[in-house]
Amino acid sequence: MQFTKGPVILTAVFCLLSGVFGQSYRVTNPSTSICGLKKSSVDIPCTYSYPRNRKIIQAFWHIKMTGTKDAGDLSLDTRYQGRVEYLGDKVNNCTLRVKDLRESDTVEKYKFRFITDDPKGKLAGSEVSLTLTDLHVKVSPKSVNKGDRVTLTCSTTCSLSKNPTYIWYRDSQPLSNSHTTGSNTLSIPSFRTEDAGGYYSCAVRGHEAHPSPSVCILSGWSVTSTPQSICALKGSSVELHSYYTYPCDHAVTKAYWITMWGKAKENPPDLKLEEHYQGRAIYTENNKNSQTLRIGNLSLGDSNSYQFRFITDKGGKYSGLTVGLTVTELQLLVNSATVKEGDRVTLTCSTTCSLSNNPTYIWYRNSQPVNNLHRADNRLDIDSVSIEDAGKYSCAVKGHGIHSSPELILNVRYTPRNTLGSVHPSVEPVEGSSVTLTCSSDANRTAHTFTWYRKHRSESTWLGQGWSYSITNISTKHSGLYYCKGENKHGASDSSATFVDVHYSPRMTSASLIPSGDLYEGDSVTLTCSSDANPPVHTYTWYRKTGDETVLQGTGRMPNLTFNLVPGVDGLYHCKAQNKVGLKNSTGVRVSLPVPNKHSSLYLVVGGVIGGMLAVVAGVLTGVAVHKRVTQTREMSGTSTAAVRDTTAGPQAVQPGPADDPYTGLKPHHQIP
């Protein structure tokens, strides 16, 4: 029983230990054959396990065993120093990375080995071998034509691990998104001219430094030039592009452009060597199969047909189709030869050919950008033109502002305005002199007809035509309102009325006595002077004549002379009316003393007494009158001419009271010398 119980107990112990420590010794290699790229690096994946109660003493990779001795650590081998890297740990990862792969690395077998603190706890994994490969591009079909479907395959002699991502290049430049693929194949659905002539290669992502050798897609001779025709502005620059293909076993020795006027020659010269283009024609090699011609500062003489050609090292020559270049200038056109205010105006920036690239136009007025008007394409629209829109207009293409069109003058016609009639000389005309009326007006075109009218109430009388109207030997009948009309073919405008006021010296001057009925000695009488004058009379002077003697009775602004009928006042009286133009004397009026009545003696006594009193009062009144005359003179000096003119409707007939009469109380005995 005891014999039979022993194995059972040991089995139970091992089972217990296995349950306690959780796992046994093991090394796992997912693949025993790894494929890698020459000169790149490769990872050999590996995992291992051991009981949890054990401790790792040593973990390493090796390539061989010597007898019963432990194999040496691979990292200490001089052939691998600096080229191997242990990516594992002392838990369960034992991955190894080998760099800069070489053919000699494929001869060895690689193993992972670890040693624990258990004397029997040593274990090695399976052998792993390395296989190296190159990348090669295969083209199918081998020779293609334009429009064919082409497939390129990035090929290897063994299957690379980890499902790698591939990158494709054309002439060492990564292909655009339209050709990007993660697989080892590149498909070109429709072979184009620009796809030819390029050298294609592939690489594995992460190993871009080790691409495949480049291969050329075999094709024939071709040249594609774009654009086929082009329209450009004088003074600007233009670019012509060429794409060309040729057999892969040829090499291009010369690529250049020619003009068609040189095609008649056996060997037409290189465009950029011609004197006409020197310094203006520049070639740019975009890539191995593409060239761009740039011509700057274009002139009208550059309008021509251009052709690209190339020559190879094996004597091959090939020319493309011609490219037509038309050089044009900007011209500004207006939709109407004559523009009047309120019209709709359209300005067009015109060229002899349609400019490429749908250009944006810029507009200027008087050399300043126009921003407040409607612009569309190459047109500038003004819905209702005004005189503020007049000026010098030009246009340009955005980006070529220095090559603007010649200026076009937009002349906006409009009806006469601000028509003005004026009198020359400007002072009031005097009867018998000459006056000229002139008419002026703001108009475009200039007013071609001026017509003169005289206005009376609501009626107007036609006087004549001409920018001036003259009146010789003017008289009072010419006084009135005058205006003119300025007219051009777009309309007419009237001036405001101008008043012509004809001045003349006093006329129809007369003197009259008030009252004119029965008078008695001692009564007060008033002599009144009336006259027709323009401007009004400013001075009246009274005289008394007895026999051959004429005596000044008084002078002033008032037309009246008031006095009492007393002895010594009788005689023949006349007045003189005067304005700034001249003067006029009236005819005489007789003042006689009446026959004394029955009370005459009493009157004489009383008159003597009263006369003495009046002498005193006269002195006082004279002072008051002089003071008031000065005051009135100052007030009248501020009176407007217009106010004075309103008094000329008829003869002067003012009858002031005694306090306003500068002649009251004067003793009419002053003799005129």
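**Notebook: disulfides**

I began with C94, which is buried at a relative accessible area of 0%, where buried means under 20% relative accessible area, exposed over 50% and partly exposed in between, with a 1.4 Å probe and protein chains only. The model is predicted, so I kept in mind that local features need pLDDT of at least 70 and side-chain atom pairs count only at pLDDT 80 or more, while totals for chains, interfaces and linings use all residues. Residues are numbered from 1 along each chain as its sequence is written, and side-chain values use heavy atoms, with hydrogens and water left out.

I then looked up the partner of C94: a disulfide (a pair of cysteine sulfur atoms within 2.5 Å) joins C46 to C94, with S to S at 1.9 Å. I noted the link as left-handed, with -85° about the S-S bond. C46 sits in the loop between β3 (42–44) and β4 (47–49) and C94 in the loop between β6 (84–86) and β7 (96–98), so the pair ties together parts 48 residues apart in sequence; strands (E, at least two residues) and helices (H or I, at least four) are DSSP runs numbered from the N terminus. C46 is buried as well, at 2%.

I searched the whole structure and found seven disulfides, among them C439 to C484, with S to S at 2.1 Å. The torsion about its S-S bond is about 75°, so this disulfide is right-handed. C439 lies in strand β37 (residues 435–444) and C484 in strand β41 (residues 480–488), so the pair ties together parts 45 residues apart in sequence. I recorded C439 as buried at 6% relative accessibility, and C484 as buried at 0%.
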